[in-house]
Amino acid sequence: MTAFARRLSMAVLGASWAISVSGPTVHADEGWVITSFNSDITVATDSTITVKEDIRVDFGSLQKHGIFRTIPLRYRYDDTNDRYYLLEVKSVTDGSKGLPYSESIDHDNDVIKIGDPGRLVSGANRYVITYTVRGALNSFADHDELFWNVDGALWPVAKRSVTATVNLPERAFQKAACYQGPNRSREGCTFASSGQAVTFTSTRQLGSGEQMSIVTALNQGVVDVPPPLLEARNRQFPQDAFDITPLTVALSLLIAIAGIGLVVRNWWIHGRDRAYLTQYYLTNDPRERTDPLFHHDPLVVEFGAPQNMKPAELGLILDESADTKDVTATIVDLAVRGYMTITEVPRQQGDWTFTWKEGGEAAALLPYEKTLLDGIFAGGRQVKLSTLKGTFAPTLRKAQGQIYTDAVTRKLFTTRPDTARVTWGCLGVGLVMAGIAATVLLGLKSGWGLIGVAILLGGIVLSISVPFMPQRTASGRELLQRTLGFRLYMTTAEKYRQQFAEKAQIFTQLLPYAIVFGCVTQWAKAFEGIDTSATNNWYAGNAPFQAALLANSLQSMNNSISSAITYTPPSSGSSSGFGGGGSSGGGGGGGGGGSW
């Protein structure tokens, strides 16, 4: 393959790429046809080319104002530069008299809109466009060259015939080539030289999305070909945003590794639990360290609530979240402790009545317990669970906040778990947004979008780490270990059935903790055949008091409480749409459009 042929192949591929990204190829036929497209191109010695396009169309019975002619002005040159042409429209006529037209730039294309907005035409029409172009010629080691796309692939209709004539200065012609078809096609078309003119002709009708490109080699020195007109690449996202070079890859990996390393370090310092250097309860040594990663203390069974902690407090120390299960356990605990009674509503499945009991010591209540009692009985001394639906959510949020505050006051966490999650979550989201912005901005500006991706990756990892960011203090970790031992006792309670026969009262005393630990059924099963009715002065159901029946009822009540106290009435919105609010795009105006 000769040097000219190799360069020609590269030029064809480059031009095809430029055409493909300059605009989408149109395939929908509009019902009219270009009967002939002839381009007369004259190359001046200063390398300016003058193009006269004679476009003959047949609209048939269609009513049209005229046509568009779209000519690309910018092409990709290399990884850092775009090449641009300087185009000037000289005239637009029908072959004899001028036609009205307007000119605009749309996405680096010069758009010539021909026709009278107040007049419609049909049938055969002729449009002759004359314009000059500077910066279109190329210079190589052994020749100069005009590589020109005659008609373009953006026409929505077929072209029955495409021809072009290139007029060259004297003794300029060296060789030529012609291609036709869709983008990247190597299908040949015909050409012939006569004197200083070279004529190119398509061999068939070119359909919508097809074009004819011509190449003419010139002897060097005949035409003064200046360097191409270049400017920084006008990058498109995402196809031009990620330059893969040793520098961008190395920097991106460095930033990604450093970012993930910082997230891991942040979790190690602020998320890993603290631990005493020695057994605190034996040595009273307050020195702390970060809990070793693969260190696991053996569990020791606890037969009662550690440090006389309430169910919600142990629930929080277990999962670092004050959730509705903790609130349900607190309500049952308040009933067990004599502040209320719970009665299953007869013949009305899924509802219970809470009744205030006189004589409870308000001073013995923790802030969140008082908040729950005040919220439940705000409407009177006897309240149905179903009536709390839609009104109890503010009380729930306040109580949950007080549970968190109580834990921090007791120095079980270094900071409120919910605050830690929100803080690090906001930072993670902020870093994700910064990564997205950096990806787009750096990608469009310099092709360094990989740097933004590395930042984005760090933000994603930080966001994923958010659930693990609450940090227990050393005393909180000690309480966690004892709480796990207490849960082990309750989940393996059947081993202690003999003891329960003598201590039936612990069934109701520890029942709220079973709710927190999620082992109500297992706890009740340990008391099968043991009479626990004497310990019950707080719950009345539709059947005799039995551990198994109470467990089932409490499970149902827990679901009902969770549904009722978290329910928020929906907003009505502003539109109908029938059938439940309509569907698809929803109300209001939608975007769309087509031809003019």
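**Figure 1. Strand β21 pairs in parallel with strand β24 in this predicted model.** Two strands meet here: β21 and β24, the latter spanning residues 539-540. They run parallel and are joined by 2 bridges. Isoleucine 342 has its bridge partner in β24, and that partner is tyrosine 539. Strand β21 covers residues 340-344.

**Figure 2. Strand β21 also pairs with β22, and glycine 350 sits in the loop between them.** The pairing of β21 with β22 is antiparallel and extends over 5 bridges. Strand β22 covers residues 352-356. Glutamate 344 bridges to tryptophan 352 in β22. The loop between β21 and β22 holds glycine 350. Glycine 350 has a relative accessible area of 38%, so it counts as partly exposed. Isoleucine 561 is 211 residues from glycine 350 in sequence. In space, the C-alpha atoms of glycine 350 and isoleucine 561 are 9.7 Å apart.

**Figure 3. Helices α4 and α12 cross at roughly 25°.** Helix α4 runs over residues 311-319, and helix α12 over residues 506-517. Their axes come within 9 Å. Angles under 35 degrees count as roughly parallel, and α4 and α12 are therefore roughly parallel to each other. The crossing is right-handed. On the α4 side, the contact residues are Pro311, Ala312, Leu314, Gly315 and Leu318. On the α12 side, they are Pro512, Tyr513, Val516 and Phe517.

**Figure 4. Helix α4 is mostly covered.** Of its 9 residues, 7 are buried. These are Pro311, Ala312, Glu313, Leu314, Gly315, Leu316 and Ile317. Which helices do the buried residues of α4 pack against? The list is α5 (324-336), α6 (367-376), α7 (393-409), α8 (417-446), α10 (474-491) and α12. Just after α4 comes glutamate 320, with a positive phi of about 60°.

**Figure 5. Threonine 330 is a buried residue of helix α5.** Is threonine 330 buried or exposed? Buried means under 20% relative accessible area. Threonine 330 has a relative accessible area of 2%, so it is buried. Its contacts, leaving aside neighbours within four places in sequence, are Ala312, Tyr368, Glu369 and Leu372. Ala312 is itself one of the buried residues of α4.

**Figure 6. Threonine 371 is a buried residue of helix α6.** The relative accessibility of threonine 371 is 11%, so this residue counts as buried. Threonine 371 touches Thr395, Lys398, Ala399 and Gln402, not counting residues up to four places away in sequence.

**Figure 7. Strands β10, β11, β17, β13 and β14 form an open sheet.** The 5 strands are arranged in the order β10-β11-β17-β13-β14, with antiparallel pairing. Strands β10 (137-139) and β14 (187-188) stand at the edges. Each edge strand has a single partner, so one of its sides is left without a neighbour in the sheet. At the β14 end, strand β13 (residues 173-181) is joined to β14 by 2 bridges. Here glutamine 180 stands opposite glutamate 187 in β14.

**Figure 8. Strands β4, β5 and β18 form an open sheet of 3 strands.** The strand order is β4-β5-β18, and the pairing is antiparallel. The edge strands are β4 (74-76) and β18 (230-232), and each pairs on one side only. Neighbouring strands of this sheet are turned by 40° against each other on average, direction ignored. Strand β5 spans residues 81-84 and is joined to β4 by 3 bridges. Tyrosine 75 has arginine 83 in β5 as its bridge partner.

**Figure 9. The protein chain as a whole has 14 helices and 24 strands.** The chain has 596 residues, of which 45% count as buried. Among contacts with a separation of 6 or more, 74% involve residues 24 or more positions apart.

Notes:
Residues numbered from 1 in each chain as written. Predicted model: local features only at pLDDT ≥ 70, side-chain atom pairs only at ≥ 80, totals over all residues. Heavy atoms only, no water. Pairing = 2+ DSSP bridges. Helix = DSSP H or I, 4+ residues; strand = E, 2+ residues; numbered from the N terminus. Axes fitted to C-alpha atoms, helices over the stretch in contact; angles between N-to-C directions. Buried < 20%, exposed > 50% of the residue type's maximum accessible area, 1.4 Å probe, protein only. Contact = heavy atoms within 4.5 Å. Parallel < 35°, antiparallel > 145°, perpendicular 65-115°, else oblique. Left-handed = near helix turned anticlockwise from the far one by under 90°.
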